[in-house]
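Open the model in your viewer and keep the selection tool at hand. Each stop below names what to select and what to look for.

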Amino acid sequence: MSSDETPNVPAARNSREAVREKAQQVHAQQSRARVMRRILIGVVAVVAVGAIGAAVAFAVGSSMSKPALSPSGMVDDGVIVTDSTITVGGTETTPAPTASSGGVGTTATPTPSPKTTEQPAEPTEIHVYVDYLSAGAAEFERANARQLAGWIKEGAVTVTYHPVALLTASSNGTKYSLRAASAAACVATYSQERFYDYNHELLTDQPEIDSDGRTNVQLADLAVAVGVSHAKKVRSCIENQDFVKWAKDATTRALEGPLPGTKDLKLNSEALVIVAGEAYVGAMGDPAEFSQFVLTTASDEYYGTTSPSPTPTPTSPTAPSTPAPTETPED
C-alpha cells in the first residue's frame, strides 16, 4: 500500500547547502573578527610607534638644547693654585728652592755666582695630573702638599692641578674617577677659592680602588663641608654631573699630548708631575727627592736664561809715571 505523504525533512541537497551557508557565515564572522583584530593591532602599533618616535624626538631635542658644558676658571684643563687659595697650615713650610741655594731646607756655603747679567727669575711651573682614585696621586699630595704651599707663598713656583679620569673602570661600574673629576671642575667653576681644599680632601681621603667610591650626593656634601661659596650651584653641578663630558675630553687631550709646558710629553700615568717641562720619575712619597728634583730643574732653567755680561776691553799699557822727589828734612 502506497502513501502520498513524505517525511517533513530537508533533502540531502538542502542539508548540504544549509551547512555550507552556515560555514560561510562562520567564515565571514571569523574574517570580520580577523580584520578587526588586524585593525586594532595596527592602531596599537601606530600609537606605540608614535609614542616611541615622540620620546626619541624629545630625547634628541633635549640633548641638542643642552649642549655639553665646559668649566670656567681653568687654563689648559687645569686649575692654577694661588697664594690666596691655600689654607694648608699648622706646620712650617719648606723654604722655596732657588737657583742660588745649595739645597732645599739646608744651610750651604754661598757659591760665587757666574759673571752674568741676571734676568728676573720666573716661577718654576709645576703641573700635577691627578686621578682621584690613584694611590700614587694620593701619596704625592700627602707628602708634598705643605712643601708646595710654601713654595707658592714665596712665589718660587706656580702649581696647576689637572683632574683626569684614567681609572673610571676601577670602581664597580660607578665611574668614580670620572664623577670626581667632574665634581672638581664644578668647584673650580663656582668656588675656585675652595678648589685647593676640595682637591686636597679628594686625594688625602680617597676611597679604595675597586670600591664604589663616593656617590654624587657625597661628593657634593664634601664640597659644602670645605666651605664652597654658591653651595646650591655647586651641589646642582655635581649631582647632575655637568662636566662629565669635559672630564672625558680633557683626559683624551692629555693622553694625546703634548701636555702644557712640554715639547712632546703625554699623560702616561694616573699620577704625573711635570716640573719646568720635565716629568718627575722619583718616589711620589719622598718630599726630599722631589724637592731636589725641583731645585735641579729650576737651576737648569735659571742658568739657561742668563746671558754673559760684556767682558771689559783691554787697554794698551802706559809708561809708569816718575815718582816725585822726596824732601829730606833739614837737621
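Start with the open sheet: five strands in the order β1-β4-β3-β5-β6, with mixed pairing. Strands pair if DSSP finds at least two bridges between them. Strands (E, at least two residues) and helices (H or I, at least four) are DSSP runs, numbered from the N terminus. This is a predicted model: local features need pLDDT of at least 70 and side-chain atom pairs count only at pLDDT 80 or more, while totals for chains, interfaces and linings use all residues. Residues are numbered from 1 along each chain as its sequence is written, and side-chain values use heavy atoms, with hydrogens and water left out.

Find I80: T160 in β4 stands opposite.

Now the helices on the sheet. Select 135-153, helix α2. It lies across β1, β3 (124-130), β4 and β5 (271-275), at about 150° to β4. Angles run from 0 to 180 degrees between N-to-C directions, and axes are lines fitted to C-alpha atoms, for helices over the stretch in contact. Contact means heavy atoms within 4.5 Å.

Next, select 195-204. Helix α4 lies across β1, β3 and β4, running at about 60° to β4.

Move to 216-225 and 231-239, helices α5 and α6. Their axes come within 8 Å and cross at roughly 155°. That makes α5 roughly antiparallel to α6 (an angle over 145 degrees). The crossing of α5 and α6 is right-handed: the near helix is turned clockwise from the far one by less than a right angle. Show side chains. From α5, the contact includes L219, A220 and V224; from α6, it includes V234, R235 and I238. The contact residues of α5 and α6 divide into eight nonpolar, one polar and three charged. Here Ala, Val, Leu, Ile, Met, Phe, Trp, Tyr, Cys and Pro count as nonpolar, Asp, Glu, Lys and Arg as charged, and the others, Gly among them, as polar.

The axes of α3 and α5 come within 10 Å and cross at roughly 35°. This crossing of α3 and α5 is also right-handed. Y176, R179, A180, A183 and V187 of α3 meet N216, L219 and A223 of α5.

Finally, select everything. The protein has eight helices and seven strands. Of its 331 residues, 34% count as buried, meaning under 20% relative accessible area (1.4 Å probe, protein chains only).

Methods. Parallel < 35°, antiparallel > 145°, perpendicular 65-115°, else oblique. Buried < 20%, exposed > 50% of the residue type's maximum accessible area, 1.4 Å probe, protein only.
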